[in-house]
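This report covers backbone geometry, helix packing, salt bridges and a surface patch in one protein model. The model is predicted.

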Amino acid sequence: MQNCRFIVVNHPRLGFQNAENAVRDFVARRLSSAGAPEVIFVPDRESADKTANSMLRDPAKNGYLVISDIMNPVTDLGLVRAMMDSLQRNEAAVCLCDGAIPGTQVDMVIAADRLDHLPDDAESANPVLIRKRWFTQDKHNNQFNLYKYKRLKMFLCLVERLDGMHEMDIETFISALARDDIFPLLAAFGEDVRLVWHESCPHCNGALTPLPLRMSQPFCGYLPVARPLYHECERCGLVTASPVVHEDDVATIYDVFDKQDFVVSLNNPYHHGATRCDFSLFERHLPRMARTLDIGGGMGRFSQFLKEAYPDWIVTHSDHEIKQNLQLQDQGIQTRALNVLAEPIGQERYDLITAWEVIEHIPYHRIASVLDNIHRALAPGGFFVFSTPDFDSPLCRSFDFFGVCPPFHYLVFGERWLRRYFEGSSQWEYLEPRSCSDFLDDSLMWYDYGSKTCPSFQMRATSGVLRAVFETDDGGDLRRTLMRRGIGTEIIITLRKQ
């Protein structure tokens with residue numbers, strides 16, 4: 001790397017929790033330790049282009065110029081060398097890459113003596129452009145970039161705990177992620193907390209089969225494929241995470257990093273016509289001034305829909321203390337800081353309780369007590385409606401969507417498992433389930449993401465095809481057809497208190 005100068009583009013997101021200095025220091029140390037004679041940090045892409053053009057106009061220019069993004073901090077130095085070799089073999093000027101683990105790639109490598117300015121569009125710079133295919137993502141399926149704050153938290157933890165990380169090649173680094181002293185930290189977002197390991201299914205004691213994530217890791221990213229977190233029971237089909245954060249420590253992982261962003265949705269799933277907001281199955285059984293509670297309601301979008309659609313209803317939003325949105329009170333919505341694992345909800349206090357994507361966050365051995373808590377809080381004949389990922393659906397299994405949120409998701413249920421669990425209950429009447437899909441609501445975003453990050457170039461191409469298919473579904477007919485056939489990523493369960 002002695003003849004390789006780096007221009008690194010900063011990013012404003014790293015101002016969060018004063019992370020920029022730590023990330024910048026790591027990147028500088030990593031590149032300098034590889035022998036790079038110059039590492040220049042610039043504030044934005046425009047500055048990077050200006051700096052690069054200035055360096056390319058230097059009459060004494062030689063060697064290679066690399067432009068990279070600070071949000072991709074674990075630079076794959078082997079990839080950079082391979083790109084330089086490709087430029088030399090092909091007498092080309094610009095090399096892009098495809099197939100590197102996100103967070104390890106560089107934007108481009110430039111042969112400085114073959115170019116006097118950056119092309120306006122690198123993609124159309126042929127014949128001076130070549131592309132280097134790389135297969136680390138195909139082999140490892142990780143996500144090391146810092147575009148999720150939880151990944152930033154894990155990265156900062158690793159920098160602190162993993163000696164010599166800045167000098168490790170990619171293979172050594174990924175091997176280190178599976179170490180007994182490192183993997184438990186990753187399974188708890190970098191928190192040094194108690195973990196619970198399952199040797200068998202917590203429901204039926206059946207044998208567990210590991211389910212390695214082969215297609216996607218959009219959220220955690222640093223979990224090594226060599227140590228799968230999710231396991232499927234051979235007997236009953238329940239999918240459980242192991243290890244999981246101990247229930248007394250779980251509040252620790254719901255922190256300021258979580259509050260900033262989770263999975264960004266381009267759509268609001270709570271609106272007239274949305275499957276989650278179709279109450280035709282039970283609305284006629286609710287009183288005119290129905291009392292409602294949304295458990296784990298995040299920023300309160302569902303409660304906002306209820307109050308707008310049913311202004312006479314007494315709507316209450318709840319979540320952990322750190323996720324409280326007190327502005328809801330100005331809209332006539334009551335708010336509660338509520339931990340349903342530790343606090344009683346009330347006695348016959350509500351007519352309708354909802355929990356969208358919540359039950360999978362509850363340790364298995366507390367499911368029954370939480371359901372009892374909800375049952376007591378419902379008025380006679382009241383309804384409990386919840387959604388959860390449906391492992392029985394092929395769409396949920398595709399792209400590893402079932403494993404999108406470790407370690408938040410303790411469990412992944414299937415519709416058949418839930419039916420068996422509730423149909424024998426003396427507490428609940430099990431009504432006909434319905435499908436919904438966060439994945440399909442944001443299909444263009446997810447397939448665009450897959451076209452950039454799926455492990456193989458074949459699957460990246462397939463994602464691009466599927467994105468094109470859903471681009472043509474302007475009226476939503478294809479999505480509705482899939483929902484009617486039960487092919488959603490989530491299942492909606494409606495229970496009536498006996």
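Asn-141 is placed in the loop that runs between α4 (136-140) and α5 (149-161). Its phi is near 50°, a positive value in a residue other than glycine. With 2% relative accessibility, Asn-141 counts as buried, since the cut-off for that class is under 20%. Phe-189 also has a positive phi, of about 55°, although it is not a glycine. Its place is the loop between α7 (183-186) and β7 (195-196), and at 0% relative accessibility Phe-189 counts as buried.

The bond from Ser-242 to Pro-243 is cis, with omega near 5°; Pro-243 sits in the loop between β10 (239-241) and β11 (244-245). The bond from Pro-406 to Pro-407 is cis as well, with omega near -5°, and Pro-407 belongs to the loop between α11 (394-397) and β17 (411-412).

## Helix packing

Two packed helices are described by the angle between their axes and the distance between the axes. For helix α14 (residues 443-453) and α15, the angle is about 160° and the axes are 7 Å apart. That makes α14 roughly antiparallel to α15, because angles over 145 degrees fall in that class. The crossing of α14 and α15 is left-handed.

Helix α10 (residues 364-377) and helix α12 (residues 415-423) have axes that come within 14 Å and cross at roughly 50°. This angle makes α10 oblique to α12. Their crossing is right-handed. Helix α10 contains Ile-367, which is buried, with a relative accessible area of 4%. The C-alpha atom of Ile-367 is separated by 37 Å from that of Asp-138, and the two residues are 229 residues apart along the chain.

## Salt bridges

Side chains of opposite charge can pair when their charged atoms come close. The structure holds 29 salt bridges. In one of them, Asp-107 pairs with Arg-45, and the closest N and O atoms are 2.3 Å apart. Asp-107 lies in the loop between β4 (94-98) and β5 (108-111), while Arg-45 lies in helix α2 (residues 45-56), so the pair ties together parts that are 62 residues apart in sequence. Asp-107 is partly exposed, at 23% relative accessible area, and Arg-45 is partly exposed at 33%.

Asp-255 forms a salt bridge with Lys-153, with 2.5 Å between the closest N and O atoms. Asp-255 is in the loop between β11 and α8 (256-260) and Lys-153 is in helix α5, so this pair links parts 102 residues apart in sequence. Asp-255 counts as buried at 12% relative accessibility, and Lys-153 is buried at 9%.

The pair Glu-471 and Arg-467 also forms a salt bridge, its closest N and O atoms being 2.5 Å apart. Both residues lie in helix α15, four residues apart, about one turn of the helix. Glu-471 is partly exposed, with a relative accessible area of 41%, and Arg-467 is partly exposed, with 25%. Elsewhere, salt bridges that share partners join Arg-276, Glu-357, Asp-438, Asp-441 and Glu-490 into one network.

## Surface patch

Which residues form a nonpolar patch on the surface? They are Val-465, Val-469 and Leu-478, with about 220 Å² of accessible area together. Val-469 is in helix α15 (residues 457-471) and counts as partly exposed at 36% relative accessibility.

Conventions:
Residues numbered from 1 in each chain as written. Predicted model: local features only at pLDDT ≥ 70, side-chain atom pairs only at ≥ 80, totals over all residues. Heavy atoms only, no water. Patch = residues over 30% accessible without salt bridge, like charges linked within 9 Å, V, L, I, M, F, W, Y side chains within 5 Å. Areas by Shrake-Rupley, 256 points an atom, 1.4 Å probe, with all protein chains shown as cover. Salt bridge = Lys/Arg side-chain N within 4 Å of Asp/Glu carboxyl O. Helix = DSSP H or I, 4+ residues; strand = E, 2+ residues; numbered from the N terminus. Buried < 20%, exposed > 50% of the residue type's maximum accessible area, 1.4 Å probe, protein only. Axes fitted to C-alpha atoms, helices over the stretch in contact; angles between N-to-C directions. Parallel < 35°, antiparallel > 145°, perpendicular 65-115°, else oblique. Left-handed = near helix turned anticlockwise from the far one by under 90°.
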